[in-house]
Amino acid sequence: MTSSPSIGVRMAGVGSAVPDRILANADFEKMMDTSDEWIRQRTGIRERRVVAQDKGEGTISLSVEALSKALDDAGMVAKDLDLIILASVTTTMTCPSGACIVSQQLGAEPAAAFDLVAACSGFVYASNVADSLIRSGRHKAVGVIGCDTMSTVMDYDDRSVSILFGDAAGAMVLTADEDPNRGCIYQRLHADGNGWHSLYMPRKEVDVVDGAAGANIKLGNLRMNGREIYKFAVSKFTELLKESLAQCDLSVEDIRQYICHQSNARIIESAVSKLNLPEDRVYVNIDRFGNSSAGSVGLCLDQLWQADKIDAGDLIMLIAFGGGMTWASGIWRV
């Protein structure tokens, strides 16, 4: 499908949602052998948000809230959408898709709806796909959601994984624009399935990685090789950021905001140092929200948006990496 050179893409509205419940490092001290100092030194995290499942909170409720706020911000209603994409690894069912349930709850029918699974890269993947579909002329208004409730797939006996993750949703409404220079001016989507076993959620015993069978594996919970993920993230983060800037003939100063997946504060700090990025242009909220997987980039985008730190005409970069292994970037002219 050939994209129309005359169609641009506008970020019409942005929204986010996080649960009220806070899970602080002090709470982990009561649950396992750890300390606030140990967690902060290794991750930069002091607290994260988690859903109250007994109150019906989950991926769907956060997704509905975030997209509803994005629609309000855009001055639109759900019926104005012709597509909803939900990026998540924590939807409760694969059939129907979480996006279909979100559509039903918001009243967006007959808009198309589908889920996209790219782990922590999900929001950037979905944003790039939505931009391409609008530029093709096939869609005019797309709701993009990144949401994960990672607390629902945590093994809270596993200190190395559970301290990292929290729950959040970020969303935006993208619409066709008459200015072809608006929207995602450069994008990259990557994956390397050879590293899938470094970050995965086994549902059956047969899915457990060879050599891990003797460990205390809880099916349905996230498993992670932290050392391998750290090396992967640091490498791909700097590689992808440099590639994206070079392909667009941009300098680091040309980007107003670098909106990065909040995986680990130390990973972000490493990239800032290696690439000499202006610290005031690299937004960080992992200290307050932890790693919310597909929710993190959209949450950061909304917080910057609401704080008026992104203006029309600005160049921003969305960048993420996650299980799969996946990594993705998008440079947007707002």
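Predicted model: local features only at pLDDT ≥ 70, side-chain atom pairs only at ≥ 80, totals over all residues.
**View A. Helix α3 packs on helix α4.** Helix α3 (residues 59-74) and helix α4 (residues 98-106) meet at an angle of about 55 degrees, and their axes lie 10 Å apart. From α3, the contact takes I60, S63, V64, L67 and S68. From α4, G98, I101, V102, Q105 and L106 take part. By class, these contact residues split into 6 nonpolar and 4 polar, with no charged residue. The crossing of α3 and α4 is right-handed.

**View B. Helix α7 crosses helix α8.** The axes of α7 and helix α8 (residues 265-275) come within 10 Å. They cross at roughly 40 degrees, which makes α7 oblique to α8. The crossing of this pair is right-handed. On the α7 side, the contact is made by Y230, A233, V234, F237, T238, L241 and K242. On the α8 side, R266, I267, I268, S270, A271, K274 and L275 make the contact. Sorted by class, the α7 contact with α8 has 9 nonpolar, 2 polar and 3 charged residues.

**View C. The largest pocket.** Its volume is about 570 Å³. The lining of the largest pocket numbers 25 residues. Nearest the centre of this pocket lie S88, V89, V117, M201 and R203. The lining of the largest pocket is made up of 13 nonpolar, 9 polar and 3 charged residues.

**View D. The second largest pocket.** The volume here is about 420 Å³. Lining the second largest pocket are 24 residues. Of these, S160, L164, M224, G226 and N264 lie nearest the centre of the pocket. Three elements, α2 (36-43), α7 (226-247) and β12 (315-322), each give two or more residues to the lining of the second largest pocket. Helix α7 supplies the largest share of this lining, 5 residues. The lining of the second largest pocket has 13 nonpolar, 9 polar and 2 charged residues.

View E. Helix α7 spans residues 226-247 and is one of the elements that line the second largest pocket. Its share of that lining is 5 residues. Helix α7 also makes the contact with α8, through residues including Y230, F237 and K242. The axes of α7 and α8 cross at roughly 40 degrees.

Technical notes
Residues numbered from 1 in each chain as written. Heavy atoms only, no water. 1 Å grid on protein atoms, 1.4 Å probe; cavity = no way out; pocket = protein on both sides within 12 Å on 5 of 7 lines; lining within 4 Å. Points joined across faces, edges and corners; volume = space filled by probe spheres on them. Nonpolar A, V, L, I, M, F, W, Y, C, P; charged D, E, K, R; others polar. Helix = DSSP H or I, 4+ residues; strand = E, 2+ residues; numbered from the N terminus. Axes fitted to C-alpha atoms, helices over the stretch in contact; angles between N-to-C directions. Parallel < 35°, antiparallel > 145°, perpendicular 65-115°, else oblique. Left-handed = near helix turned anticlockwise from the far one by under 90°. Contact = heavy atoms within 4.5 Å.
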